[in-house]
Amino acid sequence: MKTTKKIRVLIAKPGLDGHDKGAKIVCLALRDAGMEVIYSGLHQTLDQIIQTATEEAVDVIGLSIMSGAHLPICEKLLAMMKEKGLDDIHLTVGGVIPYQDIPQLKEMGVAQVFPGGVSFEHIVTGINALETGEK
Amino acid sequence: MGVAKYIKDEKGAIQEVTYQSGIKVKSSYGPEDLEKAGFEYDKDLGQPGEYPFTRSLHPLSYRSRAWTTRQYTGFGTPAETNERFKLMIKNGQNGLNVAFDLPTQMGYDSDHPLAQGEVGRVGMAIDSLKDFETAFAGIPLDKIGSGLTINAVATIMMAMYQATAEKFGYSKNQISTTPQNDILKEMIGRGAWIFPVEHGVRLVGDSIEYAVKELPRSNPVSLCGYHIRESGATPAQEIAYAFSIAKDYIANVTQRGIKPEDFVGRFSFNFNVYGNLWEQIAKFRAARKLWAIMLKEEYGVTDKKKLFLRGLFGGGGSGLTKEQPENNIMRSAYYALGAALSGAQTTALCSFDEAYTIPTPRSALLSLRTLEMLMDEVGLRDTVDPLAGSYFIETLTLEMEEKILEEMKDVEKWGGMTKAISSGFIQRKISAQAYKYEKGLQSGEYKKVGLNQSTEDGEAEKTDVELHEYNEEWAEKSKANLKELKRTRNDQEVSQSLAALEKAARGSDNVMPHLVKCCHAYATVGEMAGVFREVFGEWNEPDFY
Amino acid sequence: MNWHMKKKRKSVLNPNIENILSVKEILSGNKLAGARVIRLIEENDPQAFELLKQLYPYSGKAFIIGITGSPGVGKSTLINSMIQEFRKLDKKTAVVAVDPSSPVSGGAILGDRIRMQKHATDENVFIRSMASRGEKGGLSRAAKDAVIVLDTMGYEIIIIETVGAGQGEFEIANLAHSIGIVTIPGAGDGMQAVKAGILEKGDIFIVNKSDKPDVDQTLHQLNMMLEMRNSSRTDFQTTTGTDWTPKVLKTSAQNGNGVKEVVDTFLSHFDFMEKNNTFDTKKDEMEILYFNALLKDLALEKLLKYIKTSDRYVETIKEIQSCKIDPLSAAELLTDKLIER
């Protein structure tokens, strides 16, 4: 049977921040780029995100963080992903993220960082690149 | 300012202009346009300070008093916030606009697992009355009014404010607070909701009823078209949805046997200044007029002062860019000019670094100076409603009115705002618009200086913005204070007041007096919100696509 | 590169993945393993077919419920409350929520689970979103196969959520043991169920959002239609094969009102089928339909492959190009030849 591959992405809003415009429009953009997007809804605990990523068998988790807490959240989530056997899923993060934090995020294992204002094209290309193994 | 659609010919001359609200703009306007739109001086404009208040609420407007400035302030522990409050007041700010951190906004104490990494980050951390006492120490609460940016737990913060004032020796008749307390817009836009829709609206109703009876100088609700606009609504929808939300709150309170006349005067509004200059000006003028007409004709309100659309026109957050951040200083100044030309009563500006993080003292002061310049330096106080009678502005104002009414009718078709939000109708509509607009920005269909025009290679990465820094110690300090509080307070008093609160929440008693008692007993925000969570449950948000 | 693509990083980062994709892990209820097999199923990966073959004998224990209805009737909210009720009865519960793919991009936003997210951390609940990927009516073999995996993982209740009733072998009535059709009060909506051709398939009719006006009218309308259905029940009997009288229930899923009754009614439908020995008949029917569907897929695929790699095929192409034969006759000739052999 011919195989049919589609990139599956979980867009998740971790924590208490409720600004979800960015997450929602990114969902729409990824859909229009042919991806299958699961949206978590607001106020997710990291446990919920881990369980959702597990059950939905996604390729990529995209966190949307506006509160400034991206460093501690990514660090903790990456550790949990490793513990739960999800370390082959790519973690990406977008939102209000100062450029000076990007090296640190990448170093801890975040695959791609999409600070507010980057284009949809940039995000889609970035995620596609993860899928095909290009950096 | 980058939000209208321009169609140009091959030489670059503008052929067609369409505003976000769907209004087409002509190359010039004359008396025939006013006639076509059915403009009548007395009905549509009238004297400043006279019904329907299109021109201004007060006859002398800025001549008698410049606008009130209320920069959004708060971070870290209450002690840090208190210092910043004093700095802003010392520098001429005449009202406070308090920012709370996310755990507080969501009804969690600093030691809750979900609060981790968030304590004091985007606003100040409040666990109990002790923290309010620290935050407002030395602030003359009888002279300085405070906006509280809090929604899901606004009732709790109103009670805190009252309890604090009482501790300091003020009576509740002297204090003036304006909690945001607009839960329906949180469900459309900002996302700081907790309880299901009907319980959320009931709490809003409780706080309005309480303010009417007990807090004569406070404004229990600030209807925020602002955040609805930030989420992707057009200017016309911003006003229409805020008004539709107001109608649902009015319905809740009138069910309690209180006449609209007795409480609608306490409503205030928070609208956005971001967008096309003329469209914003027309929006504010149309909004003032429509609100007055709606209250008078639909709700039978007669007292002139109660027909006022009072509020803050400001912010402009989603107009700011991360690219070339200094541009935001000029950009905000133009936004503020629009607010001043529309006779904004109260204002505040997002600071130029807010695309990165919460403002530093320097950027917050720059915003304050921008606002001062308009009033004291360049002449915005000279005369009331300087654009009145402009063929363009008056036509546009009438067209804007029509658009707002159309959008309100649309909501009615869905059975009113509460239903339109429960079903996700509004959220779907706004997300789709936001997506379309963002695509337009990225394709250059909408112009944005520094973003898709006059960009500089790689400048974003190089940008040297001094950033407000988060201090991990705030969480530790808050947690230690909380621990100490729980050790020293009277536990019996706490559990008794919480039990009484629960009883009120389960029944139909107003929760406010019980919350004030809980605050005095040093019950924590988490404990009080916990009672509500237990009784009401949490909202299950609908999908958005 | 991802776990399901045979690329380097898989072995570097997570050497255990290969090990967990085993019958043993799935039977033990390992969520990671189950989820990834379902993903392989969706991607038509041959590995999945092998695993399914081994798993199939262990399936057949779950009670499968189909929930269908137009967009906006509150299916996800209802299912969210149903999960809660099933969990109170200590039933391991799984959901397969099918959403349409965008016909333009082929992508999809799968948002049904937003409404069920509070169950995400329940060890005994498994929610899987699935895109229709162009299947008419939204359901596909992938949904059926996913249900088999969840069944063997030990989920006692499996709920399939879908907008359309589906078509052919994989219509909802052939995937589930019991069908709930959700509608809302309002003149047009009761009728819509009929238009979609699913009235015959429903075992339980749920009028959600029953706090709305017109609820009694909708209930009345539904009851009338069902009466008509019962009086001309030949079609009905062949599809469900029981004498079950369809039930009409009211819910307000948002606050959970009436949902317990829905769950109880589904369970009593199950008991009813068991008592009347029709559950096994239904399962047998479903099995044959599944076989037929697989046969269609495999026969088509294998025969096509066979034909297209034959010399005869190459010759025929040339003959068509040189106008020696028309495409219609050529296709007929080739397939006839094949059957002769």
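The expected span of a helix is 1.5 Å times one less than its number of residues. Keep that in mind. This is a predicted model.

Start with helix α6 of chain C, residues 75–88. There are 14 residues in α6(C). From first C-alpha to last, α6(C) reaches 20 Å, close to the 20 Å expected.

How much of α6(C) is covered? Mostly covered: 12 of the 14 residues are buried. The buried set includes Leu78(C), Ile79(C), Met82(C), Ile83(C) and Phe86(C). Lys75(C), Glu85(C) and Arg87(C) are buried as well. Just past the end of α6(C), look at Asp90(C). Asp90(C) has a positive phi, about 65 degrees.

Next, helix α15 of chain C, residues 327–340. Its 14 residues should span 20 Å at 1.5 Å a residue, and the end C-alpha atoms are 20 Å apart, so expectation and model agree. Now the start of α15(C). Which backbone nitrogen does Asp326(C) reach there? That of Leu328(C): a side-chain oxygen of Asp326(C) comes to within 3.1 Å of it.

Last topic: chain B against chain C. Seven residues from chain B and nine residues from chain C make the contact. The two chains bury about 820 Å² between them. Of that area, 49% is on carbon and sulfur atoms. On the chain B side, the residues touching chain C are three nonpolar, two polar and two charged.

How many salt bridges cross this interface? Zero, by the rule used. Polar contacts do turn up: four residue pairs between chain B and chain C, both residues at pLDDT 80 or more.

Conventions: Residues are numbered from 1 along each chain as its sequence is written. Chains are lettered from A and ligands numbered from 1 in the order in which they are written. This is a predicted model: local features need pLDDT of at least 70, side-chain atom pairs count only at pLDDT 80 or more; totals for chains, interfaces and linings use all residues. Side-chain values use heavy atoms; hydrogens and water are left out. Helices (H or I, at least four residues) and strands (E, at least two) are DSSP runs, numbered from the N terminus. A polar contact is a pair of N or O atoms within 3.5 Å; within protein, one must be able to donate a hydrogen and the other to accept it, and residues adjacent in sequence count only if both atoms are side-chain atoms. Contact means heavy atoms within 4.5 Å. Buried area is the accessible area (1.4 Å probe) that two parts lose on being put together, summed over both. A salt bridge is a side-chain nitrogen of Lys or Arg within 4 Å of a carboxyl oxygen of Asp or Glu. Ala, Val, Leu, Ile, Met, Phe, Trp, Tyr, Cys and Pro count as nonpolar, Asp, Glu, Lys and Arg as charged, and the others, Gly among them, as polar. Buried means under 20% relative accessible area, exposed over 50%, partly exposed in between (1.4 Å probe, protein chains only).
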